[in-house]
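Have a look at it for a moment, and then I'll walk you through it.

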Amino acid sequence: MNWSELYWHRITPLHIILWPFSLIFRLLLVFKRLLYRLGILHSVKTPAPIIIVDSITVNDAGKTSLIIWLIHLLKAFGLNPGIISRGYSENYGSPLAVTLSSKPGIVGNKSLLMAYLSRNICPIWIGHDRVKVAQALLTAHPECNVLICDDGLQDLRLQRDLEIIVLDQSKLSFGNGLILPAGPLRDSLSYLNKVDAVVMNEKSSRLSINNVGNEIKTFHMRPGNEYFINLLDSNVHSEISTFKGKSIHVITDINHSHDFLEQLRYLKLNVKSHSIINIDPFIEKNLQLPDAEIILLREEDAVKCLDQANEKFWVLHEEIAIDIGLREIILKKLREKFMDAKLLDILVCPLCKGPLIYKKNERELICKPDRLAFPIRDGIPVMLEEEARRLPAEEEI
């Protein structure tokens, strides 16, 4: 158990001293929401629908895995998502695009991990001001028609169309059950009744939310297939069985070493040796292991040394499976948004980035320069070239 877990899961004299500040923090949240509800403070609506993915506790709770699942879902239904994030708490710079060539010290490890896991199938932008980040991304990528906001649950300046909360069941309850700064909760548990969906990251079954209401739409996110990805070439995959019997050296950080090594033992892999990295020195001298046949890292650690990888470096990747009901909630909400003709009017062609002509009766969006008709199926515009109808020369637009 690391220092943060020792702090969040206990009640000490320090927590009692901090408890009044937790009450003040909670009252400020309620007051801020009231000001927005009364129109005294104003939020900003972006042209594209916003999906908020956040945790009600200070830990990640599996948000990154859910976001990657979400972008693949949206892409499969013909939408073009983009991801916006704050990056990291010390990031006060202007909006910035995140790519695999970005430096962790500039964009943050988590943003770089999302770029690595998403394989650049959608743009990722970060910045301190989420509204400006959303506007910058849509300016640079006008083809994006849905935005996923990592965090931002309490940033009410950004209007949202869907809120999803992720809970980590591997943690014992919600720490000590107190709100910041005395506990790990970022809001009252009663707020779970107000969001569109709660996703339980089901790594264990030791957590219950029965005490916060019966109207919560709860879905389960379970571990799926596990395999290895080559860090040098992410298109190269390998099954777990192919690594059995090989000499493996593990490199991980001190906070996650125990869980990672236990996971590898469960997979019956032959870990000959391991290096525990303290603080953050994933530097070349710690990665040069000429005698190692396989060098294995967590994905969260691997992004810190992308520029030093060779064919020996592999990462363990775990797919996830999520209850189908969550997909239906997301698509239903997006159908409701795209029923607004104003939203359809601002969509652009994903190829030429030019404006589209909305044909209501034909349920199509027409790109005149490319002579393509993108279908609107079940209320969702399918912005994929392979799904578009090519307009014959004799058809008038």
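To start: is N120 buried, partly exposed or exposed? N120 is partly exposed, with a relative accessible area of 45%. Here buried means under 20% relative accessible area, exposed means over 50%, and partly exposed is in between, with a 1.4 Å probe and protein chains only as cover.

Before going on, some ground rules. This is a predicted model, where local features need pLDDT of at least 70, side-chain atom pairs count only at pLDDT 80 or more, and totals for chains, interfaces and linings use all residues. Residues are numbered from 1 along each chain as its sequence is written, and side-chain values use heavy atoms, with hydrogens and water left out.

Now the overall picture. The chain has 11 helices and 18 strands; these are DSSP runs numbered from the N terminus, helices being H or I with at least four residues and strands E with at least two. Of its 397 residues, 49% count as buried. The accessible surface is about 19700 Å², and carbon and sulfur atoms account for 54% of that; areas come from the Shrake-Rupley method with a 1.4 Å probe, and for residues only the protein chains shown count as cover. If you take contacts between residues at least 6 apart in sequence, 67% of them join residues at least 24 apart, a contact being heavy atoms within 4.5 Å.

An unreviewed UniProt entry annotates residues 12-31 as "transmembrane region". UniProt positions are in the numbering used here, feature names are shortened, and such annotations may be inferred rather than shown by experiment. In the model, that span is 95% helix and 0% strand, and its end C-alpha atoms lie 29 Å apart.

L38 sits in the loop between α2 (13-37) and β1 (50-55), and L38 is exposed at 56% relative accessible area.

Next, helix α3, residues 63-76. Its 14 residues should span 20 Å at 1.5 Å a residue, and the end C-alpha atoms are 20 Å apart, which agrees; the expected span is 1.5 Å times one less than the number of residues. α3 is mostly covered, with 10 of its 14 residues buried, among them W69, I68 and I71. After α3 comes G78, with a positive phi near 85°.

So what does S118 touch, leaving aside its neighbours within four places in sequence? S118 is in contact with I68, I71 and I124. S118 itself belongs to helix α5 (residues 109-118) and is buried, at 1% relative accessible area.

Most residues other than glycine have a negative phi, and most peptide bonds are trans. N120, from the opening question, has a positive phi of about 60° although it is not a glycine, and N120 is in the loop between α5 and β4 (124-126). D378 has a positive phi too, about 55°, and is not a glycine either. You'll find D378 in the loop between β16 (372-377) and β17 (380-381), and at 56% relative accessibility D378 counts as exposed. Then there's the cis peptide bond from L180 to P181, with omega near 0°; P181 lies in the loop between β6 (162-168) and β7 (197-201).

Last topic, salt bridges, meaning a side-chain nitrogen of Lys or Arg within 4 Å of a carboxyl oxygen of Asp or Glu. The count comes to 25. One of them pairs D161 with K45, closest N and O atoms 3.8 Å apart. D161 is in the loop between β5 (146-150) and β6 and K45 in the loop between α2 and β1, so this pair ties together parts 116 residues apart in sequence. D161 is buried, at 16% relative accessible area.

R160 and E163 also meet in a salt bridge, 2.6 Å from N to O, and both are buried.

Another bridge joins R298 and D253, at 3.1 Å between the closest N and O atoms. That pair links distant parts of the chain, 45 residues apart: R298 in the loop between β12 (294-297) and α9 (299-302), D253 in strand β10 (residues 248-253). Both R298 and D253 are buried.
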